Amino acid sequence: MKLQLFRLTLISVLLFSGASHAASWTVTKIAEDPYLYSPAGLSQSGNTVAWYGNDGEDYEVYYYDGTSIIQLTDNSTGDFSPSVSNGNVVWYGLASGEDNEIFLYDGSGVTQLTNNLVHDTLPKTSNGYIAWQEQVAFGAYNVKIYDGSNIVTVGSAFTHAMSDNTIAWREEYWTPQMQHWSRIMYFDGSSEITVYQPDGNVYNPIMSGSNIAFGSYDGNDTEIFFYNGSGLTQLTDNDYEEGHLSIDGNHLVWQSAEGNIYYFNGSNITSITDAGITPDVSGDRIVYVSHDGEDYEIFLYENGSTIQLTDNNYDDYKPTIDGDDIAWITNDGTFDIYMASYGDSGTSAVPEPVSISLLLVSLSGLFLRRKQS
């Protein structure tokens, strides 16, 4: 089946910011039935989006570059978990059918960054830097950073986040009393810092710049913590679970088990809705999903005001936002991808979807094959 790319203006909505300023959001269907594996969601950078899905044989990686859809992989092995930033897309796949390796698309071709005998997975990219996890033993991983020339080992992690050349990760360890706990670690580009080490466990750090947010279990439920590069603040202390964090600079959002979405602007915490899920933040704009009585729709919160971006008879979910662009998935019988863009509503013709020839470039000094003893 051929991927379809659409440039159809579906609706234009007005967002009022202040007393007199009005701006329009133009909603466009950018892909119909794009072999999307919907539980994984989308990776977004500006008006570009990457995803992976099953083409009927195995999982492949796809990229919408703001103009057209490019199929980045076409093979008989699985390719997974793409991450996009400023025109670069990274993912992992079974290079030889034996172990997972890391791949990079830089706008012109595909480069295989790793070539070893262990699994390299969960890559992320941020402004030209790339990080991933290398399995060193069963259940044990190192974090690697690639700066365009060199690969550096940072620390031991199971989950990690990155912003430029800095990394935050969850590190597991055993206490002298043989308790299996975890802590939040931070690599600031030159050295490792222990951000938080409780008598218990921490979960899934996210970061933007030197700001890090994460959850920590207090013996009753999970609470939210925020590190601003110099100090740590506990943002919540209640009796219900909280999670699904998203961060941009010192702006942070999360959802609670009671149904609220909370917004921290660096100083104060505000509940923006009591009926929302899966929030994402960019500056002071927040997108989230809420049920309108019939199905799930996409909503946008900005400067104290909320608008409904979608109004249809099917579910819209997993929204992401980056600046003036919002992307999400719909399920109208097939999984489609939509984007809302802020500004002029004019449209232009879009070329047919294209494919690239897969160019695997060996980088001298980057193919790290582990010696077997």
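Colleague: In which strand does Thr 278 lie?

Modeller: The model is predicted, so local features need pLDDT of at least 70 and side-chain atom pairs count only at pLDDT 80 or more, while totals for chains, interfaces and linings use all residues. Residues are numbered from 1 along each chain as its sequence is written, and side-chain values use heavy atoms, with hydrogens and water left out. Strands are DSSP runs of E with at least two residues, numbered from the N terminus. Residues 277–282 form the strand that holds Thr 278, and that is β27.

Colleague: What is the phi of Thr 278?

Modeller: Thr 278 is not a glycine.

Colleague: Is Leu 122 buried, partly exposed or exposed?

Modeller: Leu 122 is placed in strand β11, residues 120–126, and has a positive phi of about 50 degrees without being a glycine. Buried means under 20% relative accessible area and exposed means over 50%, with partly exposed in between (1.4 Å probe, protein chains only). Leu 122 has 34% relative accessibility, so it counts as partly exposed.

Colleague: Which backbone nitrogen does the side chain of Ser 85 reach?

Modeller: Ser 85 belongs to strand β7, residues 79–85, and counts as buried because its relative accessibility is 7%. Leaving aside neighbours within four places in sequence, its contacts (heavy atoms within 4.5 Å) are Ser 45, Thr 125, Ser 126 and Asn 127. At 2.9 Å, the side chain of Ser 85 reaches the backbone nitrogen of Asn 127.

Colleague: Why is the pair of Phe 80 and Tyr 92 tilted?

Modeller: The whole structure has 19 aromatic pairs. Rings of Phe, Tyr and Trp (its six-membered ring) pair if their centres lie within 6.5 Å; planes under 30 degrees apart count as stacked, over 60 as edge-to-face and the rest as tilted. For Phe 80 and Tyr 92 the centres are 5.6 Å apart, and the pair is tilted because the planes are at 35 degrees.

Colleague: Over the ring of which residue does the charged end of Arg 183 sit?

Modeller: A charge sits over a ring if NZ of Lys or CZ of Arg is within 6 Å of the ring centre and within 35 degrees of the ring normal. The charged end of Arg 183 is 4.2 Å from the centre of the ring of Tyr 173.

How values were computed: Helices (H or I, at least four residues) and strands (E, at least two) are DSSP runs, numbered from the N terminus. A polar contact is a pair of N or O atoms within 3.5 Å; within protein, one must be able to donate a hydrogen and the other to accept it, and residues adjacent in sequence count only if both atoms are side-chain atoms.
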